[in-house]
Structures are given as structure tokens and as C-alpha cells.
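Dear colleague,

Please find the structure below, handed over for your study.

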Amino acid sequence: MNAPLRRAGVVILVLFALIFGKLNWVQAYKADEYRNDARNKRVQIAEYERPRGVIQAAGGETVAQNTETEGELKYQRIYPKKEIYAPVLGYKPVNLSAVGVEQFENDILSGSSDKLFADRLSDMFTGDKTGGGNIVLSLIPRAQEVAWKQMTNNQRGVTKGAAVAIDPNTGAIQAMVSMPSYNPNPLASHDDKVAFEAYKKLDADKDQPLLNRAVANTLPPGSTFKVLISAAALENGYNVDSEIPAGGVYQEGGATIKNAEDEICPDSEVTLKTALTQSCNTGYAKLGVKLGRDVVIDTAKKWGFEDEALHVGDLEAADKGLPVAASRTGPIANEDGTVDKSALAQSSIGQRDVRMTPLQGALIAATVANNGTQMRPYLVQQQLDADRRTIYTANPKPLRQPTSSGVAEGLKEMMISVVENGTGKSAQISGFTVGGKTGTADTSEGANPHGWFIGFAYDEDGKAVSAVCVMLENVPGGHASGEAARIAGLIMKAAAGRGGD
Amino acid sequence: MSRIRGLKTRRNAELGLLVFAMLLVAAFGATVEANQFDEIRANFWVPAGLIGILFFGLHMVVRFTAPFADPVLLPAVALINGIGVAFLRRLDLENAIANKLAIPGFFAETSGRQLAWTLLSLILAAVLLLLLRDHRVVSRYAYTLGLVGIVLMMIPAVLPASLSEVNGAKLWIRLGPVTIQPGEFAKLALVSFFAYYLVRKREVLSLASHRVLGVDFPRGRDLGPVLTVWLFSLLVLVFEKDLGTALLYFGLFVVTLYVATERSSWLIIGLVLFFGGVYVAYLLGETVGGPFANFYDRAEIWLDPFAAKNYERESGNSYQLVQGLLGLGTGGLFGTGPGAGSPFKVPEVRTDFIFAGLGEEIGLFGLAALLIIYLLIVERGLHAALAVRDSFGKLVAGGLAFTLGLQVFVILGGITGLIPLTGQTTPFLSAGGSSLMANWLLIAMLLRISDAARRPANTPAERASGPKKAPTQLHGAMTEVIKP
């Protein structure tokens, strides 16, 4: 009987080895996957054991914080400014995935970053639950609130749009609003059902409140694109006073280009500066066709179009931040690849397949105001540890050099003329020198056009204080860009620390 | 040579190992307090001390009644039993803290009850050792035990669900607040009966055969008993809705049969019958439903516990299994440390899923150690079976040790998702009196048989039990080797 007994022993050994093998599978191979499974509350409980870092706007105003709860998850995330900051901050839900600053700065906020290693090490000995690191944003509360207030209370009853303001010298984002926005507080609810229902409702909303229109939505830029055609012209032998062909109507292939009003550049020739000031469609369409497709596309690319990798967040890593949708010029080609001249004519005035994000618009204006150098945009000014010692400060750096300071100077002169004498008068700020370009982009048949304004402002000392882009979708009642220009002026004034109270 | 070594009783080694085991239990308790209270209170060692005193009592009984018993068995089981009590105490502490209750006393709550069950179990084990000086005596009551075993096994199946069903498996007898799992005791009785029956029948079962494909198969008429037990197991599967129990009974029988006859054909027949039966039950569950539905559900859950359709359904969902797996995964290699995990995320963490709760806190390394201790117990039991001289003792010790190992496999396999989950207790670890008492009786029996195995032929104890009589029955005889 001993031989089978020994074999029975071997059978038990094999069975236990199977269990051991399976335990290795569960506890070693699959461990990370199981740890991070949405159905696993353990990690969440541990995560909510320590307070998440606070997020502040420039100057210290708190925009994301925590309160202690009695529940299993010890800290409830609170967003006191609700809709105003939501598109930038995003939210940190219990079960869904985080977005916005809450997502891309999660390692600092949650305390898991290597930079906070000292905190974790001391926790190990003291048994404390030191909170995560804190984030200070570059957003200026006054500019942000003016932007939100002016956008949501616009005089045309527009419900969708976005505004971005940038410090031209540094790339620091001063304001970024997207409309409609959402209240992130229900999404951070500890009650799964509340959070999920809130998300489902927002996600199903046809106005897409969860979409950050400032960076993630591209629309035809209309006449604001003329700034880039002007840049191309100035680089190709034109100057601001060069005469360019214009006229009341311009027929190119199947496309008929007209001006917004009959009194705009009816003459056969007009100076470049006047063409921009009055927003002369025929002049720019002809100019674009003359410069040629490759020049138009290359210039747009040099100014930031077609950039699929841009993130606006912190400057440590190029991919850390809110992803910015690539702005496009479109192919401007016939099916056989040859230049489609009618498309080129339309593209030169920012129609056809040209698409731009509001952020890209603001970057163009900022580049002009910064002598042709485009600074990398960023949102995170500082990272602080739990004791508010600085562990990172944004160190502004150029993103690209689209043009020379000479060309920038010319563009500046022309854009200032737009605000002082032309279509952008609503953007004027008393005491400041403001430049810019309006844009009214026709959309599909029958829909109201989008109103754009991109611009910059110099204060009394001649310092570039802000560059801005305001975009209002489907503005009813004509002159779509005027309201955008008015809002842009107020935002820039607030960004410079004036008004807005 | 072997005589001289055999003279050593090794009782002091047992005592030393026992002290070591209790030190580990005390250390576990200390870590729990450090994690739960952020301090180790002065009386952290009391539960380990209390349970240590109980084991010391049994050790003394062994010292005097089974001096040659295997010295590893008692400390190994004591360690698992002690960790079980300490883990239950840890659950009680967290429960009290979470609900802002006073810290429970050492004799309160689940861990206090488990301590009492341990006391009762050790008394039963001691009584068995004291009364049963020769394990062969059991064979006299074989038929009675067989009957008792079958009755115990059948009771939950015939009782109405309200009195016997817990979590979809009908394995219990509920008498007010007390629940008994009669199956735990049934397996002891059945092993004894099988051993007796097979010792008597082994010649017939092992000699008469047809040879097919190089394997000797038994004659049709000799298949009777194995078919009966197979049918019985399937009935258990269907009516008690529990694959694990069925596997346990059937495995137990097939293995004792195989050991008795030395015929691998029995194993083949057994495995084919069992897995064939299980597969048919699965198909029936899918198509017919009814009594097979529960088993079908469990098999579906086993195949993909994380699937939303299995996780989210109203009843019989995989929530428990998934939470257990997530807990084990969260623990990872080293675990969160005793007292630092979230075992209450897993339903039934005190009983069926104690291994998952423990695994979150002691990690893969801790569980592997625990697994090795179980393996040690089983292999020591099998070792006793190898060494004991009589056939009945061999079959009883072998059957009991194998059953214990199989039970550990069935529940741990269920929790880790290796096999469909069944409602077995984890021996010596889970909260509950039936399992603890039955398994301690099993250990007492193994101690008794190992004592007989290691006892020199002519020790004073042997002489004291009177002059050796020639065995009157076959089952009392020494093993004779059968060569087919």
C-alpha cells in the first residue's frame, strides 16, 4: 500500500503547486491590474486617506480643495468656483477617470510623485498622512472671472464659445474659459451613482459642456487668418504700404469672393495695411493665390498649425497638460494633388477647410506682441510640497520662432490699425495700445457665423500685457466679431490688473 | 538503528515548535495592533498566550497518551489555528473601531467564540487520545460509523432550504443561532468506514480484472461500490449544490480505493466518472436548470469572474470572488501587513473567504508559507500512513491526510479562481466550530496513528496494554504485499 500512498502524496503536492502557481498569477502577475480595477475600493480608500493637494490660481485663490467627511473615503474634493475653472481644472472622480489639471498633475496632487519622496519617507516613520503637493496655476482670477462673466453674459445671447488669454512674454495662460461649462462637484461625489448620473447627463448634452472649446475644438477662423497671410506677404517682399489688388468681387474658379460690405476696398488696389484694417476679402484672397499654396501652408505651419503634439500644462514635459487639437489649413488641392485655386482663395480668408483652436488664435496674437517669438503656453506656474515649499517653478521657454522681429513689427502696426481705425474698434482699452484682428467665419448654409477676435494689448509703459482670442459660435444678428472684440478688450484689461471689479 | 532513533519521543521538539508557533501568533497580534491603533498595547500577547495555554494542554495529553506521535503535526496545526484566531481578533478590532464601539474583550465577538471552539476542539481531541489507545479499535464500529457518515451527509440535502442553505449551498443544519456543518464530521466517519470496507475487499478488487490498453480494469460486478459512491457524490452536488463537497467525498473514496488496491485503473475510472458527471451537470444546468442551475452559475462565474454579466447580476454573482481576487492582488507579494488591509471588502471574510482576507495582508510570501504548513500537515499524515504497520491504519491515516489536503485545495482553488468556488471552510483557519472540531479530531486520529507508527515494538506502553493477541480479523492484520 505504500507506493500508492506515496503517489497520493505527490498528487497533493501537485495540487498545492497549482494553488501556488495561481496565487503567483493573482498576487504577482495580475497584481497591478487588480489593484487599479475600478471595482477595487481598497486603493481608493488608501488614496483618500491623505488630503489631495490644493489647486490655486495666481495670487493664491483656491480653486480646488478638500473637506473631511465621515465616510469611508476620508476627503471630499470641492471645486468652489464650479463652472468658471472646470474646463481647465477638470475633476477627480472616485471611479471615473480624472481629466484636466487634476489628471495631468495627479502625481503631485496625490503625493505619489518622486519629487515628494521626502514627504512619503517621513510619513513612514511618523505614521502621518501628509497631504499631496499643491499646484499654483498661471490663471489670473480677475481675468478668468471677467472672461467667464462676459462670455456667459454676452450681448448676442450666444451659448457656445471660448476665450484664452496669454502673457505674450512668457506663454503663461492668464485666462481660459469654455462655454457652456459644467459644475464638477457632482462628478467628484463619493456616491458612485450621483457621479455616474452627472457624467451621463453631461456627456449626452448636445452642447458638449465637457468639451474644452479653447483647446479641443477647431472652427474656421475667418478673417483672423489674414494675419498669417499678411505675415507671408511681409516675408515675401511686401511691406505694410505695398499696394495689393482688391476690388468688389473676385471670381476664382468656382469660388466667388465678396467683401462683407460694398464700401470695403471697392478700388482695384489697396495697401496691405488698409486691407487688414478693413478686412478686405478680395485683396487677401488674391494675395493668397499670388503667394501660392505652399507659402500659405508653410507659413501657417511655422505659426503653429498642424502641431499635433502640443499640450498646455506644465513645462517639465512636452506631453504633460491639456492636449491641444491641431489647427489645420486643409489640403487646398484638387483630387489629383494640383493646387485648387478656388480653395486657395477661400482658405486665404480663413474659410474652406481652414480650422483653428482659440488657443492657436491667441498664440498668433502673442507671437506678434512678442516680436515674432512664440512662447510655449503653460498653465502650471508652481508646484509646492505639502509644507508649501516650492518644488517647481515654470521657466518660460520659446516654442517656435515663426517670423522675424521686423515682420512682427509690421504685423503689429497693421493690427493696431485694425483696432484704432478698422473692424476691431470694440476692443479698445483706454490708455492701452491694442492691436488685433476680427474674424467672421461663415459656417454651413443657413447657420449663423462664428465671431472671432485675436489681439494683444500694450500698457501705458509699452509693455505687452496680454494676448487674447475670443471665439463665439453661431452669433446671430450680423457683425459677429464685434462682440468678440469687446469681450477681448475687457479680458486683456483684467489680465493687466485693471477693471473687472 | 531505526530502533534507537524510534526510542526518541521528540516531545520536547514538539514543545519547542509550539512555543515558536505561539511567538509568531503573538507577533501577528502585535503588528495588527500597530496598524489598527498606531501603537502596540501592553496586553497584545494575551490572545496568543491564551491559545498557547490550550495547545500546551493538548501537548501534555499527547506527551502521556501518544508519546511517539509525530512532533510536527501539533505545532503546525496550532500555528494555523492561532493565526486564524489572531486574524478574527483583527477583524473584531477593526469592526469595533469603525463602529466606534469599545475594544472587545478577549473572550468576546468572533475571535472569542473561536477561542472557545478551539478549547472545545482540543478537549475532544484529548478525549479521543485518552479513550482511543489503539486506532484499530475504530474498525469495530465501522458499519455504525458508515451509517452515521451517510446520515450526516444527507441531512442538509433533505432539510428544507430555510434550515440548510447558506449562500446557495445546502451544507448546513441551522438550529436557531447555531449552525452545524455535518459534512465536516461525515468525512471522518466515512474515511473509517471506507478503510474497513476496503481492507476486507481489497483482494477481490485488486486481483480480478480485465486488461484493456495495458491497464487492468476491474470486473463489472466489482464496480458496484465505486458507482454507488459516485452516484452519491453527484446527488450531493445536485441537492447540496456544492461541487467542493462532492469532490471531497468522491476523491476521498477513490483515493482510499486506490491505496487499498494499488490499482491505477481505479483512479482513471474515478477521474473519468467524476469529471464526466460534472460536465454533464454543467450541461444540464445550462439547458434544464432546476437543481443544476446553481452549479452552472458557479461554473460560469469561474470561467470569467470579471465579466460584467457575471459581476453585476442580481443573485449568484461573482462579487465575492472578484473582491477576494482584488484583495489578493492588492496585497501583492508582501501584503499590506497584518491589520493594514481592507478585508471587510470581501463578503464572508470570517469564514469561506478568510484566506483572501489574510492574503491581502500577508501577501504572496505569507500565503506561500501558510500553504507549506498545510502541505507539511498533509505530508506528515501520509508519512504516518506509510509508517504504520496495519492496513486499516494506513487507509485511515492516508484517507484523512488526503482529505485534508483535498479540502485545502478545493477552498483555496475556489478563492483563487483555479476551480469553481465552493462553500468549504479553510481547515483550522475559518471561524466556525464544526470545521474546527472535526479537523482537530482528524489531527488527533493522525497523532494516534503516527504514535503507533513510530512506537517501538516493545515499549512499556505496549506492554502495559496487555499481551499482544493475534488479530482475529483481517483489518487488524499487518499489511501484506499483494502482487497481482
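**Salt bridges**

Over all chains, the structure holds 40 salt bridges, a salt bridge being a side-chain nitrogen of Lys or Arg within 4 Å of a carboxyl oxygen of Asp or Glu. Please note that this is a predicted model, in which local features need pLDDT of at least 70, side-chain atom pairs count only at pLDDT 80 or more, and totals for chains, interfaces and linings use all residues. Residues are numbered from 1 along each chain as its sequence is written, chains are lettered from A and ligands numbered from 1 in the order in which they are written, and side-chain values use heavy atoms, with hydrogens and water left out.

One of the salt bridges joins the side chains of A:K302 and A:E235 (3.2 Å, N to O). A:K302 belongs to helix 14 (residues 293-302) of chain A and A:E235 to helix 11 (residues 226-235) of chain A, so the pair ties together parts that are 67 residues apart in sequence. Helices (H or I, at least four residues) and strands (E, at least two) are DSSP runs, numbered from the N terminus. A:K302 is partly exposed, with a relative accessible area of 39%, and A:E235 is partly exposed at 29%. In these terms, buried means under 20% relative accessible area, exposed over 50%, and partly exposed in between (1.4 Å probe, protein chains only).

A second example lies within one helix. A:K412 forms a salt bridge with A:E409, and their closest N and O atoms are 3.7 Å apart. The two residues are three apart in helix 17 (residues 405-421) of chain A, so about one helical turn separates A:K412 from A:E409. A:K412 is buried, at 17% relative accessible area, whereas A:E409 is partly exposed, at 41%.

In chain B, the side chains of B:D70 and B:R380 meet in a salt bridge (2.7 Å, N to O). This pair links distant parts of the chain, 310 residues apart: B:D70 is in the loop between helix 3 (46-65) and helix 4 (73-98) of chain B, and B:R380 is in helix 15 (residues 354-387) of chain B. B:D70 counts as buried, at 2% relative accessibility, while B:R380 counts as partly exposed, at 27%.

There is also a network of salt bridges, which links A:E105, A:K115, A:D314, A:E316 and A:K320.

**The disulfide**

How many disulfides does a search of the whole structure find over all chains? The search finds one, where a disulfide is a pair of cysteine sulfur atoms within 2.5 Å. This disulfide joins A:C265 to A:C280, with an S to S distance of 2.2 Å. The link of A:C265 and A:C280 is right-handed, with 90° about the S-S bond. A:C265 is in the loop between strand 9 (255-258) and strand 10 (269-271) of chain A, and A:C280 is in the loop between helix 12 (272-278) and helix 13 (281-291) of chain A, so the pair ties together parts that are 15 residues apart in sequence. Both A:C265 and A:C280 are buried.

**Where the two chains meet**

The size of an interface is often given as the accessible area lost when the parts come together. Chain A and chain B bury about 3,800 Å² between them, 72% of it on carbon and sulfur atoms; buried area is the accessible area (1.4 Å probe) that two parts lose on being put together, summed over both. In chain A, the residues that lose the most area to chain B are A:M1, A:R39 and A:R42, together 24% of what that side buries.

Contact (heavy atoms within 4.5 Å) involves 32 residues of chain A and 51 residues of chain B. The count of salt bridges between the two chains is one, and A:R42 and B:E360 meet in a salt bridge through their side chains (3.2 Å, N to O).

**Inside chain B**

Chain B has 18 helices and six strands, and 59% of its 484 residues count as buried. One buried residue is B:T426, at 0% relative accessibility, in the loop between helix 16 (391-416) and helix 17 (433-454) of chain B. Leaving aside neighbours within four places in sequence, B:T426 is in contact with B:T351, B:D352, B:I354, B:Y374, B:I411 and B:L412.
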